[in-house]
Amino acid sequence: MFSKFVIRNVGVLRAFDTPGSPKLAQLTLFYAGNGRGKSTLTSVLRAARDGCSNTVLARQSLGNGGAAPDITLIADAGNIRFDNGKWKSKSAPIEVFDTTFIADNIYAGELTELAHDRGLFSVIIGKDGVRLATHLERFNEINRKTAAELKAAETALAEDKPADMGLDEFFALAPNPDYDKRLEDAERAVKAVQQADKIAALKQLEELPVPALPAGMAAVLASTIADIDTSARDRLLEHFTRFHLDKKAEEWIGYGLEHIHDDSCPFCGREDVDQAGMVTLYGQIFGDTYKAHLGTVRELGGEVETALGEDTRTGLTAKVETNAEAARKWGEYVRLDKPLPEMAELGPVIADAHKAAKALCDKKRASPLDKLEAEAELSEIAAKLTAATDLINAYNEAVVAINAATAKVSTAAPTNLAVAQATRDNVKKRIARHDVGVQKRVDAYFRAKKRDARARKTRTYIQKKLKDVNEASAAQYHSRVNHYLGRFGASFTISKITNSMQGNSGQVDYGLLIKGETVARGRGRQADAIPSFRNTLSAGDKTTLAFAFFLAMLDSDTGLAGKTVVVDDPLSSHDSHRRYMTVEVIKELCGRCRQMIVLSHDEHLLLDIEARCVGTPCAAFKIDFATGGQWSEASVVDLDLLCRARHIEMIDELTAYVDRNEGDHAKVVLTVRRVLETHYRRYRAYFTPDQNLGSIVKAIASEGSSHPCHRDLTQLDRCNNATCDDHHGENANTGSTRTLGPEEVRVVATDALELIGARRPASSPPASNGAAAAAAPVS
C-alpha cells in the first residue's frame, strides 16, 4: 500500500507532496478542479505500473527551468523511484481506470479502431494471457528476425540460382557432365545472336559425288569386229612384223589415216596414197565399222579420265577443303555432333583405281580388235572404288547432319541477345551448383529455414494457447460485463465476445444488444444512417461500458488483494442511479483490493464514498494551486466542510462578520443580497426562482398585509436600499454611487440574519414572521 506520493516537476505538480500526516489510507480520496493535476497524477501512477518512462518525460513541467521529473512513491513493500529519466524499480501493483483506459480499450472520441480491439484483448486475457502474450510478442520478434534471416539467405542465393528453376529444384541438382556441352551450345547461341549477319553469309556444305567406272566398261574391253578381211589382216601383220611395229602399229596407222589430206601420206609425204600400199591396205581392213569401234574404245578412256582422273580428284579435294572451312565457321555457332570424317585416303584410293582402269583402256586401245578379258582387274578396281564410296558416304552423312543443324540456325526466328545470355548464365549456374561458395550459401539457407520453421512452430503453439486462454476469459468477461451493466441500469448488454489472432496480434470484438436487436460496434467512421456504437450509445453509456469492462478485469485478477486500484472521475454523464451504484462498487472494491484511490472533481461523490465506506481507514485530500496559482499542491481536506451548501457558507460568512468582524465588508454587502434572495425564493407560490431582492420587496409591498412575508417588509426594504448601490453600476449621469461603511454593513448583515431566522433579534422575542414560515416553504 502507498503511504505517500512525492512528485516534482511533472505537469503542474512541480512539488506535489501529500502531507506527512495523515498518510495515504486504505481508502484515499482526492478532490480537484479542472487543470489542477488530477489527470497528471493518474498518468504518473499508470506509468509506474507499466514502467513507462516516456509518459513521465512527455509531461515534464514547462516554465520550470528545465528541471527533470523526480518521483518517489512510498509504499510498505518498497519505494518506487523515477530519476534520471527512468524508473528505478519494477512495475508497481496498480490498476487505473481513467480516460486513458477508455481511449485505449473501448473507444476514442466517437470512433472505435483496431487499436481498441487489441488493447481490450490484453485486458481480457488476464495474468496468464499476458504471460503468453509476452511470450508471443517475443516469438513474433524472433520469427520476424528468423524470417528476415531466411529472406537474406534466399537473397544471397539469388545470383547462384538459375532463373528458370525454383529453389528446391536448384538444391536437388546433381553434377552432370552434359552441362559442359550445354554450356558450349549456349555460348554458341549467344555468339550466333551477336554475329547474325555473318551467319547469313555462310553457305551449307556440299555432298561429294561418288566415283564409279563408266557403265559397260567390261563390254567395251571385250568387244571386237568380226567381219574384217582375214587375208588383208594377215598381210598387215606381216608388214608390222617386218618393221617390228608390234601391236601398237594398228593404233599408229589408224591415227595417221585420220590425217590424210588431199591424198597425201602423213607418214612419207608421197602423193597418190590411194595406189596399192599399206594405207590402201589399211583402209581395206579398217572401214567405218572399225572406226566406230575404235571411237568407243577412245571414249571409254575419256570416261575413265572424267570419272577418276586428276581433275576429278582435285575437285573432290577442293570440296573437302571448302566443306572443312565451312564446318569450322559453322562450328562457332552450332554444335556439330557428327564432324566431317578424315578424307586423306580418298585421293590415293581413287588414284589407284584410275591407274588400273587407265591401264586397261590403254591396253584396249593398243589392240582394239583383241578381246580383253579383265574380270580380275575390274574386280580389283571395283573394290578400290567401293572403299572410296564408303568414305564418301560416311562423309556425306556428316554433311547432311551438319547442314540440318545449320539450317535450324539459319531459318530460326531471331533470338533476343538477353534471352540467349540468360540461357547461357543459367547453364553456368547449374555447373556451379556444387562449388564451395555456393554450397556454403545453400547450407546457410537450410540453417536459416530450420530456425525459421522452429520459431514459427513455437509461435503457432503459443498463439493457440493464447487463443484458448482468451476464449475462456472472453466467456467470463461476457458474463461479468453484462452483470455490471445490469447493476448500473444500462439499457443495453454486449453480445458474445469473439477473439482473433489475425496479424499475430490478438484482438476482440463484440456487439451491442439493444432492445433485442444486435448493433455492431462499427470500427472506424460509420455512416450516420447505420446504427453503431457511435450513434446508439450516449456518453454516459460509453463510460458505463468502459467501467464495466474495468470491473470485470478486476474480477478476474487473482492478485487484486495486493494491488492499488485507482479510479479517476468515474461519473462522467452518470445519472443518480449509476452514481449510487458507482459508490456501491467502490465500497465493494475497498474490501477486495489492498488500497483504493478515487480522484474526482465532484466533492459530493467523494463524501458519499467516505460515508458509505464507514469502517475503512480513509484520508481525503484537495489538489489546488499553491500561492501564485501556477503549481498544484495537495492538502488534507474535511469533505463535510468541502461539501457544505454555498447558502450555508454565506450565512456563516455574515455571522463571522457580525460577531467577529471577519471578512471584507465590500464582499459582505453582496453576500447579504444573495442570502436574502436565496431564502425568499423558497416561497415558490409567491416568488419565482430567479427574482432578485428588489422585485421581491416590490411583490410583498404590492400585495400588502395579506402577503405571508409582509412583516419582513420594513427590514427587507432597508436591506435592499442599503445594498442596491453596491450591487448595481454607477449612475450613468453623475458617475456617483453610495458605498456603505463597515458599521453600516454590520447593521445590514444583522438585519439579514434576523430576517432568515439565523439570528434572534436582541430586543424582542421570536416573532411569527416570514422567517418562521421559511421552515416550511409554500410549494
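These are questions and answers on how some features of this predicted model get their names.

Me: Why is Phe170 called buried?
Reply: Its relative accessible area is 0%. Buried means under 20%, so Phe170 is buried.

Me: What makes Phe171 buried?
Reply: The relative accessible area of Phe171 is 12%. That value is also under 20%, so Phe171 counts as buried.

Me: Why are Phe170 and Phe171 called an aromatic pair, and why tilted?
Reply: The ring centres are 6.1 Å apart, and rings pair if their centres lie within 6.5 Å. The planes make an angle of 50°. Under 30 degrees would be stacked and over 60 edge-to-face, so this pair is tilted. By this rule the model has 16 aromatic pairs.

Me: Which residues do ring pairs link into a cluster?
Reply: Phe97, Phe101, Phe488, Phe547 and Phe550.

Me: What makes Arg433 a charge over the ring of Phe170?
Reply: The charged end of Arg433 is 5.4 Å from the ring centre of Phe170. The distance limit is 6 Å, so 5.4 Å meets it. The direction must also be within 35 degrees of the ring normal, and Arg433 is listed as sitting over the ring. Arg746 likewise lies over the face of Tyr657, at 5.3 Å from the ring centre.

Me: How do you know that the length of helix α16 agrees with its number of residues?
Reply: Helix α16 covers residues 417–431, which is 15 residues. The expected span is 1.5 Å times one less than the number of residues, and for α16 this gives 21 Å. The end C-alpha atoms are 21 Å apart, so the two agree.

Me: Why are the buried residues of α16 said to line one face?
Reply: The buried residues are Ala420, Arg424, Asn426, Val427 and Arg430. Seen down the helix axis, they fall within an arc of 155°, so they line one face of α16. These residues pack against α6 (178–194).

Me: What makes strand β14 mostly covered?
Reply: Six of the six residues of β14 (595–600) are buried. Gln595, Ile597 and Leu599 point one way, while Met596, Val598 and Ser600 point the other way.

Me: How do you know that β14 pairs with β3 and with β13?
Reply: Pairing needs at least two bridges. Strand β3 (residues 27–32) has five bridges with β14, in the parallel sense, and Phe30 has Leu599 as its bridge partner. Strand β13 (residues 564–568) also pairs with β14 in the parallel sense over five bridges, with Val566 opposite Ile597.

Methods:
Residues are numbered from 1 along each chain as its sequence is written. This is a predicted model: local features need pLDDT of at least 70, side-chain atom pairs count only at pLDDT 80 or more; totals for chains, interfaces and linings use all residues. Side-chain values use heavy atoms; hydrogens and water are left out. Buried means under 20% relative accessible area, exposed over 50%, partly exposed in between (1.4 Å probe, protein chains only). Helices (H or I, at least four residues) and strands (E, at least two) are DSSP runs, numbered from the N terminus. Rings of Phe, Tyr and Trp (its six-membered ring) pair if their centres lie within 6.5 Å; planes under 30 degrees apart count as stacked, over 60 as edge-to-face and the rest as tilted. The arc is that of the directions from the helix axis to the C-beta atoms. Contact means heavy atoms within 4.5 Å.
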